[in-house]
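My entries follow in the order of the look-ups.

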Amino acid sequence: QVQLVESGGGLVQPGGSLRLSCVASGSIFRSDTMGWYRQAPGLERELVASITRYGVTTYADSVKGRFTISRDNTKNTVYLQMNSLNPEDTAVYYCHADILHYDFRPDAYWGQGTQVTVSS
């Protein structure tokens, strides 16, 4: 089994910054693509950013130039640096990871979510 534990959410004023972290632990042979999704009240969950094991990144148009995703493969950890936050970024942010187990079985996991609120 694999657990994803997120941290770093909170309340921030418009224009501020936050850094989210997500650590994957458990039966992990290799972590492949990892990413961040978010879900605002009444809306569907959407991709914010993802990063492959080799560092190839993808961003939602709404966060390009403001958010930066990175990872540390040795720690099975993914980060999301969020700058110039605005109220539209308010949502629960979920970590997602594609994991290869030791028996070479692939699987996908979600974190429990961390609340990000942008408000004055």
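I took contact to mean heavy atoms within 4.5 Å. With neighbours within four places in sequence left aside, I found Leu80 in contact with Leu18, Arg19, Leu20, Trp36, Val48, Ala49, Phe67, Thr68, Ile69 and Tyr93.

On provenance, this is a predicted model, where local features need pLDDT of at least 70, side-chain atom pairs count only at pLDDT 80 or more, and totals for chains, interfaces and linings use all residues. Residues are numbered from 1 along each chain as its sequence is written, and side-chain values use heavy atoms, with hydrogens and water left out.

Next I looked up disulfides (a pair of cysteine sulfur atoms within 2.5 Å). The count came to 1 disulfide. Cys22 and Cys95 form it, with sulfur atoms 2.1 Å apart. The link of Cys22 and Cys95 is left-handed, at -85° about the S-S bond. Cys22 lies in strand E3 (residues 18-26) and Cys95 in strand E9 (residues 91-100), so the pair ties together parts 73 residues apart in sequence. Strands here are DSSP runs of at least two residues, numbered from the N terminus.

I then checked burial (buried is under 20% relative accessible area, 1.4 Å probe, protein chains only). Cys22 is buried at 0% relative accessibility, and Cys95 is buried with a relative accessible area of 0%.

Last, I looked up the nonpolar core, a set of buried Ala, Val, Leu, Ile, Met, Phe, Trp, Tyr and Cys residues joined through side-chain atoms within 4.5 Å. The largest one has 29 residues, of which Trp36, Leu80, Met82 and Tyr93 touch the most other members. E9 supplies the largest share of this core, 5 residues.

Key
Helices (H or I, at least four residues) and strands (E, at least two) are DSSP runs, numbered from the N terminus. Buried means under 20% relative accessible area, exposed over 50%, partly exposed in between (1.4 Å probe, protein chains only).
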